[in-house]
Amino acid sequence: MLIDFQQHYTPPELLKGEPGRVTVDLDRDGNPHYLLNPLLADLAAHLRMMDASGIDAGVLTCGAGFDQPDIAICRLINDRLREAELAHHGRFIGLAHVPALKPAEAAAELKRCVVELGFPGAVVASELQDLPLDAEDVRPFWKTCADLNLYVFIHPLPRVIRWARMNADDLGRMLGWEFSLMTAAVRLVNSRLLDDLPSLKILFSHFAGGIGRYRGRICGFQAREQFGTAQLPRHGRRPRQPFGHYLDQRLYYDIAGWAGPDRAAEYGQHWVRFGLEELPLSQLVFASDYPQAVRHPGQVAAYVEAVRGLGDGGRAVAGGANAEKLIPDLKRRLAAPVPAGKVPA
C-alpha cells in the first residue's frame with residue numbers, strides 16, 4: 001500500500017496567486033518563500049496524479065497552517081481536510097493544524113481533530129514565529145500531541161531564514177529550508193524532548209534536510225568536553241542516549257526534498273539513494289511533495305518507479321513498509337467509511 005506522506009492542499013478560499021498560473025509569493029525583502037500553485041486547491045488533480053502513480057492515499061497538509069496563530073483559520077483548514085476525506089474516502093488523510101504557541105487553543109483543537117475528525121497527526125513548521133521548536137513555549141503542544149497519540153509532521157518554515165547571504169539565487173528555499181529542518185532536529189534531540197516524552201513520534205520532511213549526510217559532524221560535536229562546550233548552558237546540552245540513537249530509532253523521515261518538476265526520476269532517485277544509505281529503512285516513509293516539487297502525473301509516476309529501482313530498500317519504502325507506525329489504524333481507515341464524529345477504535 002503506497003501512502004504519500006507529503007501532499008499539499010490549500011482550501012480555495014485561502015489560495016493566493018493568479019488563477020491558472022504558477023507564481024511565487026515574496027517576503028518583505030523580495031525573497032521567494034512559497035509557491036502559489038493552482039493545483040494546491042485542485043483535489044481532482046491530486047486524484048489523477050495518484051491514480052497515474054499507483055498512490056493509494058495522500059496525507060494532506062496546508063502551508064497556510066504550518067505556523068498559523070489564528071485559530072479560526074486553523075479550524076477552517078481542518079474542516080476542509082475532513083471534507084476532502086469524506087468526499088473521497090480512502091484517498092486522503094488530514095493532519096491537524098493548530099496555533100501551537102497558544103496552549104489552550106491548540107490543545108482544544110488537537111482534541112477536536114482526534115475525537116471529531118479522526119486525524120492521526122498534526123503538522124507544524126520547523127520554526128514557529130521565530131521561536132525554535134525546543135522553546136519552552138512549544139512544550140505544551142508537544143505534550144498534548146504525545147498524550148493524544150498524534151504523530152507530528154515537521155515541514156520547513158513557510159518563509160525564509162532572515163540571513164542576508166540568502167537574498168539571492170532562491171537560496172532561502174533551496175538551502176535555507178533544509179538547514180532549518182536539520183537545526184530543528186538537532187535542537188529537539190539535545191533539548192531532551194524525546195527523553196521526556198518517550199511515546200512522541202516526530203516525522204521530519206526531506207530526510208530532516210539531509211541530516212544523515214552530517215551524522216559524523218553532528219555526533220562528533222556532541223563530545224562537549226573535547227570541544228570546550230560542556231560548561232556552556234546553551235551549547236553543552238546533550239540527550240540521555242547517544243545522538244545516533246535518536247536519529248536511528250526515535251525520529252521518522254519522509255523521502256521528499258529533491259526539486260525538479262521536469263526531472264523527477266533523475267533528481268528524486270539521486271536524493272533518495274543517499275537517504276537510504278544514511279538513515280535506517282525502519283524510519284523512512286514515502287513522500288512526493290506534490291504539487292510543489294513535482295506537478296505532472298507522469299513525473300510523479302516516474303519518481304515512484306525510480307524509488308522502486310533503488311533495490312529492496314526503495315521497494316520497501318514505496319510499498320508503505322512503515323506507514324502503520326505513524327498511522328496505526330491505516331488499513332481500516334482506508335477500507336471502510338468513517339462517519340463524521342467517529343474515530344476508528
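Ala, Val, Leu, Ile, Met, Phe, Trp, Tyr, Cys and Pro count as nonpolar, Asp, Glu, Lys and Arg as charged, and the others, Gly among them, as polar. Keep that handy for the exercises below, and remember that you're looking at a predicted model.

**Exercise 1. Work out which residues line the largest pocket, and which element gives the most to its lining.**

Step 1: Start with the space itself. The largest pocket has a volume of about 830 Å³.

Step 2: Look towards the centre. There are 31 lining residues, and R173, M174, G257, W258 and A259 sit closest to the centre of this pocket.

Step 3: Now go by element. Two or more lining residues come from each of β1 (3–8), β3 (32–36), α5 (171–190), α7 (206–210) and α10 (264–278). The top contributor is α5, with seven residues.

Step 4: Sort the lining by class. You get 15 nonpolar, 10 polar and six charged residues.

**Exercise 2. Is α1 parallel or oblique to α11?**

Step 1: Two packed helices are described by the angle between their axes and the distance between the axes. For α1 (residues 43–53) and α11 (residues 297–308), the angle is about 40 degrees and the axes are 8 Å apart.

Step 2: Angles under 35 degrees count as roughly parallel. The angle here is about 40 degrees, which makes α1 oblique to α11.

Step 3: Check the handedness. The crossing of α1 past α11 is right-handed.

Step 4: Find the touching residues. R48, M49, A52 and S53 of α1 meet P297, V300, A301 and V304 of α11. By class, that contact has six nonpolar, one polar and one charged residues.

**Exercise 3. How does α2 lie relative to α3, and what classes of residue make their contact?**

Step 1: Helix α2 (residues 71–87) packs against α3 (residues 103–115) at about 10 degrees, with axes 11 Å apart.

Step 2: Use the cut-off of 35 degrees again. At about 10 degrees, α2 is therefore roughly parallel to α3.

Step 3: In α2, the contact uses I71, C74, R75, N78 and D79, and in α3 it uses E105, E109, R112 and C113.

Step 4: Sorted by class, the contact has three nonpolar, one polar and five charged residues.

Key:
Residues are numbered from 1 along each chain as its sequence is written. This is a predicted model: local features need pLDDT of at least 70, side-chain atom pairs count only at pLDDT 80 or more; totals for chains, interfaces and linings use all residues. Side-chain values use heavy atoms; hydrogens and water are left out. Axes are lines fitted to C-alpha atoms, for helices over the stretch in contact, and angles run from 0 to 180 degrees between N-to-C directions. Helices (H or I, at least four residues) and strands (E, at least two) are DSSP runs, numbered from the N terminus. Angles under 35 degrees count as roughly parallel, over 145 as roughly antiparallel, 65 to 115 as roughly perpendicular and the rest as oblique. A crossing is left-handed if the near helix is turned anticlockwise from the far one by less than a right angle, and right-handed if clockwise. Contact means heavy atoms within 4.5 Å. On a 1 Å grid over the protein atoms alone, a cavity is a set of points where a 1.4 Å probe fits but cannot get out, and a pocket is an open set with protein on both sides within 12 Å along at least five of seven lines; lining residues have an atom within 4 Å of a point. Grid points are joined across faces, edges and corners, and a volume is the space filled by probe spheres set on the points.
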